[in-house]
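Please examine the sequence and the structure shown below.

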Amino acid sequence: MKNIEKLPKESNRDYAFRVIRDNIISLELKPGTMISEQDLAYELDLSRTPVHEALQELSKTKIVEIFPQKGSLVSLINLELVNEAVFVRATLESAITEEACKIANDEDIKYLTENVELQEFLLKQNNIDKFMEMDNLFHQKMYEITNKMQCYYMVKSMNIHHDRFRALRVHGADRTPILKVHKQILQAIQDKDAEAARELTAEHINRTRLDAAEIQKKYPQYFA
């Protein structure tokens, strides 16, 4: 499991939640893997209580299944939950990107431009983990521009199922279409073409449905 540095003032419970969640999304903890509170507590140098609380919270999102006296299971990918998360994110984020397009200032566009340039560099270097990080920050910026961070946190909580699928797609499929559409969204924002920004974002997020059969065929062991 990949460890992550604890943030200043972060509680042990929140730290355990973040590390376990991020390792599930990045597929360090693969779908179908059994995990134990004791082992996780040892790896994180924590007591079992915050780990137990973190797993209980993660079980509410259906990303972890808890079996008393036996341990916890990283849930297999459920495409119904993925599609529901995609629906919510595509509906909300396309509207937010449309609004961001109308109000983005020069500093916002500079940030997005540098982000896309870094994405392109990371793809050439085949640094997939950092590419995913910049991909996420690109989309997060739309919520920041529109001052809708509560929407961002709501989507992020639900999107854990979609994020695992995205990680599989990025590692197992052609990644150039992702970069291409980010460039197109950026161009729409530079042009103040709000309708194009909305349509591109919706199409981009909904692409999951087109890729589902290919990814499921490639990684059948990870799907319910």
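The model under discussion is a predicted one. Which residues of H3 are buried? They are Pro50, Val51, Ala54, Leu55 and Leu58. Viewed down the axis of H3, these buried residues fall within an arc of 135°, and therefore they line one face of the helix. Just after H3, lysine 62 adopts a positive phi of about 70°.

Helix H5 may be examined in the same manner. The buried residues of H5 are Asp108, Ile109, Leu112, Asn115, Val116, Gln119, Leu122 and Leu123. Because they cover an arc of only 150° around the axis, they lie on the same side of H5. On the other side of H5, the residues Asp106, Glu107 and Lys124 are exposed. What covers the buried residues of H5? The cover includes helix H4 (79–103), helix H6 (128–145) and helix H9 (176–190).

The two ends of H5 also deserve attention. At the start of H5, a side-chain oxygen of asparagine 105 comes to within 3.0 Å of the backbone nitrogen of glutamate 107. Just after H5, asparagine 126 has a positive phi of about 60°.

Rolling a probe the size of a water molecule over the atoms shows where empty space is left. The largest pocket has a volume of about 1,100 Å³. It is lined by 34 residues, and of these Arg21, Asp22, Ile25, Asn136 and Lys156 are the closest to its centre. At least two residues of this lining are supplied by each of helix H1 (12–25), H3, H4, H6, helix H7 (149–158) and helix H8 (160–172). Which helix gives the most to the lining of the largest pocket? H6 does, with nine residues.

A cavity, unlike a pocket, is a space from which the probe cannot get out. How many cavities of 30 Å³ or more does a search of the whole structure find? The search finds one. The volume of the largest cavity is about 80 Å³. Its lining consists of Arg89, Met132, Asp135, His139, His162, Arg166, Arg169, Val170, Ile178, His204, Ile205 and Thr208. The elements that contribute two or more residues to this lining are H6, H8 and helix H10 (194–218). H8 provides the largest share, namely four residues.

Arginine 89 is located in helix H4. Is arginine 89 buried or exposed? Its relative accessibility is 6%, and buried means under 20%, so arginine 89 counts as buried. The side chains of arginine 89 and histidine 139 are joined by a polar contact of 3.4 Å. Leaving aside residues up to four places away in sequence, arginine 89 touches Ser94, His139, Val155, Asn159, His162, Arg166 and Ile205.

Methods: Residues are numbered from 1 along each chain as its sequence is written. Side-chain values use heavy atoms; hydrogens and water are left out. Buried means under 20% relative accessible area, exposed over 50%, partly exposed in between (1.4 Å probe, protein chains only). The arc is that of the directions from the helix axis to the C-beta atoms. Contact means heavy atoms within 4.5 Å. A polar contact is a pair of N or O atoms within 3.5 Å; within protein, one must be able to donate a hydrogen and the other to accept it, and residues adjacent in sequence count only if both atoms are side-chain atoms. On a 1 Å grid over the protein atoms alone, a cavity is a set of points where a 1.4 Å probe fits but cannot get out, and a pocket is an open set with protein on both sides within 12 Å along at least five of seven lines; lining residues have an atom within 4 Å of a point. Grid points are joined across faces, edges and corners, and a volume is the space filled by probe spheres set on the points.
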